[in-house]
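I opened the notebook to record what I looked up about side-chain pairing and packing. The entries follow in the order in which I made them.

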Amino acid sequence: MEYKLSLSSTNYFTLVVIVTAIFVGFLYVSPTLLNDYTITVLGNIYIFIILAVSYNLINGVTGQFSLEPNGFVAIGAYVTAILMLSPEMKEEMYMLTEPLPLIRELFLPNPFFVLIISGIVSALVALTLAFPVFRVRGDYLAIVTLGFGFIIRIFLINNPEISNGSMGLDSIPPFASYFWIGVAALITVILVYNIVYSRFGRAMKAVRDDEDAALAMGVNTFNAKTLAFMTSAFFEGMGGGLMASSIGSISPDQFTFMLTFQLLIIIVLGGLGSMSGAIIGTFLFIGGMEMLRPLDETAWSIGPIHGIPGLRMVVFSLILLLIMLFARRGLLGDKEIWDYIKFKRRDND
């Protein structure tokens, strides 16, 4: 007799403990087994897992076509940078104009609290934005949230007394080590997963499937969408803070629509609404981009074919196109990876 494996057939707490122990063990030993380049790529993948899983909460689980992640990531990155830089460093760094007194004096050297504050600020901005944004649906919602990302970038460029303008901020303390980025990604995945499979998550899915029917059944659709929006913004802000610390410098040009577009590709590739799909999509997208990097080098050739700058993007785009042709709902659709795992059981006579 064949059964499909599901979380209801296992001890959920035990499963979480086992997965956590394996992943933390991998985080601990991988720096000694892998080279620095691979560790850097893995760290970047973990940051994008945080962003993709949180973005999937509003786009895939709640079904709201939002294009705002670059704005919230930028907010989290700049809040982290401003809080981590000392007043003396800001005095030297702000060359276009003097920083505002409040901006100059803000200083909190504790990375944990800085990341939490970065997430909270992003979530509060999302709460403010939710009132006008969720008055519209569909394509109009996408246009409004797309405009938000542009507004944040223009604000950062045109207010050098806050953000140092187009010059950006550098010398950001590198507190985001490979290990702690991985831990943050693990915590994000666990928390978002528990939200998705809670009663709040069921309300979000009801909004995605049919908002009018959910409203008729008594679901407060505005609250469901706002909760998803704020939760997504919170983790995107934290991801932005980790990104700022990992890179060490930030500027408005790092937070263009291209960042949102990359995250959109990841969650569509993995499957809208699937948490494990978002994780797999991140590994395939970021890892695949790095594996194909040698195609941009001109040192190799196979007959008339040789490396040229940009060939990597052409090949990668073709691969994505083929995947989407044969998996139109993404690799996992709206299901989780364990929904596709089956096992056989022999009943006792």
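I began with arginine 153, which at 26% relative accessibility counts as partly exposed (buried means under 20% relative accessible area, exposed over 50%, partly exposed in between, with a 1.4 Å probe and protein chains only). I noted that this is a predicted model, in which local features need pLDDT of at least 70, side-chain atom pairs count only at pLDDT 80 or more, and totals for chains, interfaces and linings use all residues. Residues are numbered from 1 along each chain as its sequence is written, and side-chain values use heavy atoms, with hydrogens and water left out.

I then looked up the partner of arginine 153 and found aspartate 253, the closest N and O atoms of this salt bridge being 2.8 Å apart (a side-chain nitrogen of Lys or Arg within 4 Å of a carboxyl oxygen of Asp or Glu). Aspartate 253 lies in the loop between α12 (221–247) and α13 (257–270) and arginine 153 in helix α7, so the pair ties together parts that are 100 residues apart in sequence (helices are DSSP runs of H or I, at least four residues, numbered from the N terminus). Aspartate 253 itself is exposed, at 52% relative accessible area.

I also noted one network, in which salt bridges with shared partners join Arg137, Glu211, Asp212 and Lys225.

Last, I turned to serine 54, which lies in helix α2 and counts as buried at 0% relative accessibility. I listed its contacts (heavy atoms within 4.5 Å) as Ser232, Phe235 and Glu236, leaving out residues up to four places away in sequence.

Note on methods. Helix = DSSP H or I, 4+ residues; strand = E, 2+ residues; numbered from the N terminus.
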